[in-house]
Amino acid sequence: MPRAGLTPATVVREAAALADEVGYEKLTLAALAARLGVALPSLYKHVRGADALHQKLAVLATAEIADVLTAAAAGRSGGDALRAVAAAYREYARQHPGRYPAAQRAPDPADPEHLAAGQRAVGAVRAILLGYGLDGDAATDAIRMFRAAVHGFVALEAVGGFGLPRDTDRSFGELVAGLDRAYLSWENR
């Protein structure tokens, strides 16, 4: 039975839920139409195609991560903020394994909503780095370092890439502690 009141926002929310259930790579318009109980051509009233759906999902996931990181950083500074934000990032990836990959897409310069969400996500990390005295180019490098390290860890963890017997929570803690030490000893402030 077709769903009444289908909107573009509903389509994107359902796409996000479906991606979490089946995986980002298996998110198709056909699967989404089946989930929504509509004929595939009906989706085109709400989204222009698969690329547009993936772009809208990227905006949603990036905004969600920005909210999570901002909330985690609130009222914290230094290593405490770094640990809280890294843990929140990791937890988001765990809770949303299908939409998390969509958030890795660089913001589309033609999409103001995506740009704003990306700036908020980066801003949460940048605010922490200001507490380490890092700004400008040094902050850009440190933000990239944070993202590469934390994303790399959660991406490997998601695919079962850690086979050694050591607890991954301990390893993640050591990774973040290493970032903290690196930021504290940064040469070009």
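Trainee: Over residues 5-65, what percentage of the chain is helix and what percentage is strand?

Mentor: The chain there is 70% helix and 0% strand, with the end C-alpha atoms 28 Å apart. Helices (H or I, at least four residues) and strands (E, at least two) are DSSP runs, numbered from the N terminus. This is a predicted model, in which local features need pLDDT of at least 70 and side-chain atom pairs count only at pLDDT 80 or more, while totals for chains, interfaces and linings use all residues. Residues are numbered from 1 along each chain as its sequence is written, and side-chain values use heavy atoms, with hydrogens and water left out.

Trainee: What does UniProt list for residues 5-65?

Mentor: An unreviewed UniProt entry gives them as "domain: HTH tetR-type". Residues 28-47 are 60% helix and 0% strand, and their end C-alpha atoms lie 12 Å apart.

Trainee: How many helices and strands does the protein have?

Mentor: Eight helices and zero strands. The C-alpha trace spans about 60 × 40 × 25 Å along its principal axes.

Trainee: How is a pair of packed helices described?

Mentor: By the angle between their axes and the distance between the axes. Axes are lines fitted to C-alpha atoms, for helices over the stretch in contact, and angles run from 0 to 180 degrees between N-to-C directions. Here the axes of α5 (residues 78-95) and α7 come within 10 Å and cross at roughly 35°.

Trainee: Which residues of α5 and α7 meet?

Mentor: L82, V85, A86, Y89, R90, A93 and R94 in α5 meet F146, R147, V150, H151, F153, V154 and E157 in α7, where contact means heavy atoms within 4.5 Å. By class, the residues of this contact are nine nonpolar, one polar and four charged.

Trainee: How is empty space found?

Mentor: Rolling a probe the size of a water molecule over the atoms shows where empty space is left. On a 1 Å grid over the protein atoms alone, with a 1.4 Å probe, a pocket is an open set of points with protein on both sides within 12 Å along at least five of seven lines; lining residues have an atom within 4 Å of a point. The largest pocket holds about 420 Å³ of space, a volume being the space filled by probe spheres set on the points.

Trainee: Which residues lie nearest the centre of the largest pocket?

Mentor: G118, A121, V122, I143 and R147, out of 22 lining residues. The largest share of the lining, eight residues, comes from α6.

Conventions
UniProt positions renumbered as here; feature names shortened; annotations may be inferred. Nonpolar A, V, L, I, M, F, W, Y, C, P; charged D, E, K, R; others polar.
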